[in-house]
Amino acid sequence: MTRSVKPRAAFKSKKDVVYETLRASILEGERQPGTRLIIDDLAAEFGVSPIPVREALQQLKADGYVEIQPYVGARVAEVRLDSIVEIFDLLEALEVISGRAACQNFTDADFVEMEALLHDMDDEGCDIDSFAEKNVRLHRFICDRAGTRLTGPLIGKVLDHWDRLRRLYLKDVFLRRREASQREHWRMFQALRSRDPDQVETVVRAHNRAARAAYVAYVTRLRERTEERVS
């Protein structure tokens, strides 16, 4: 199936559109870890020359989604479960920065919007993918209100890697942690309303560390079961 690639707007090149489409297919699991990415095949699929495909793959490599080896070619990067600790350490540091700034910048309208989103998340039930999407939106919303120039793009990249990990390996534990996570989100809301940066930092750190502990415990149990089967 050929996907004709046309820039969506004057400022979007063919490389950008190929990059965005490939990136979305990797994040959503359409292209699984280890899948070969053959430049000529992708060029035919997208209806472009190999040049924008090669450039898009280089950008995806820089983002950590693609691995490129000499004489072997490109593959969708494997997802390491060990990345959990790194992801949550990065999120904690970045969200402390953005949370401390956001609590000073939030307007009354921002609090109304965040509260509405939290109520919407309360009503999600067992639709875990929808809850996860709104969870990412919530964290991005807080960061956006911080007004920091560098933290936002960094958090966005880390959250994307986290969501890919969740989709591929951690749906079960994410579902089990949903209620606790939502209670922690409400505490973040109250901390932001206090306008106290130190309180916000305390709640943000507790939220990230509780999540990290749950996922690390889950991965540890997986490894123990695997070792038992092997032995």
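## A strand hairpin

Val66 has Val76 in β3 as its bridge partner. Strands here are DSSP runs of E with at least two residues, helices are runs of H or I with at least four residues, and both are numbered from the N terminus. This is a predicted model, in which local features need pLDDT of at least 70, side-chain atom pairs count only at pLDDT 80 or more, and totals for chains, interfaces and linings use all residues. Residues are numbered from 1 along each chain as its sequence is written, and side-chain values use heavy atoms, with hydrogens and water left out.

Strand β2 covers residues 66-69, and strand β3 covers residues 73-76. The two pair in the antiparallel sense over 4 bridges; pairing requires that DSSP finds at least two bridges between two strands. Together β2 and β3 form a hairpin, with 3 residues between them.

## Two positive phi angles

Most residues other than glycine have a negative phi. Tyr71 has a positive phi, near 65°. Tyr71 sits in the loop between β2 and β3. With a relative accessibility of 90%, Tyr71 counts as exposed. The cut-offs are these: buried is under 20% relative accessible area, exposed is over 50%, and partly exposed is in between, using a 1.4 Å probe and protein chains only.

Arg195 also has a positive phi near 65°, and it is not a glycine either. Arg195 belongs to the loop between α9 (178-194) and α10. At 33% relative accessibility, Arg195 is partly exposed.

## Helix α4

Helix α4 runs over residues 83-105 and has 23 residues. From its first C-alpha to its last, α4 reaches 32 Å, close to the expected 33 Å. That expected span is 1.5 Å times one less than the number of residues.

## Salt bridges across the chain

Side chains of opposite charge can pair when their charged atoms come close. A salt bridge here is a side-chain nitrogen of Lys or Arg within 4 Å of a carboxyl oxygen of Asp or Glu. The count comes to 21 salt bridges.

One of them joins the side chains of Arg23 and Asp160, at 2.1 Å from N to O. This pair links distant parts of the chain: Arg23 is in helix α1 (residues 14-27), Asp160 is in helix α7 (residues 151-169), and they are 137 residues apart. Arg23 is partly exposed, with a relative accessible area of 23%. Asp160 counts as buried, at 13%.

Arg205 lies in helix α10 (residues 197-230) and Glu92 in helix α4, so the pair ties together parts that are 113 residues apart in sequence. Arg205 is partly exposed, at 27% relative accessibility. Glu92 is buried, at 6%.

Arg205 has another salt bridge, with Glu201, where the closest N and O atoms are 2.9 Å apart. Both residues lie in helix α10, 4 residues apart, about one turn of the helix. Salt bridges that share partners join Glu92, Arg100, Asp198, Glu201, Arg205 and Arg209 into one network.
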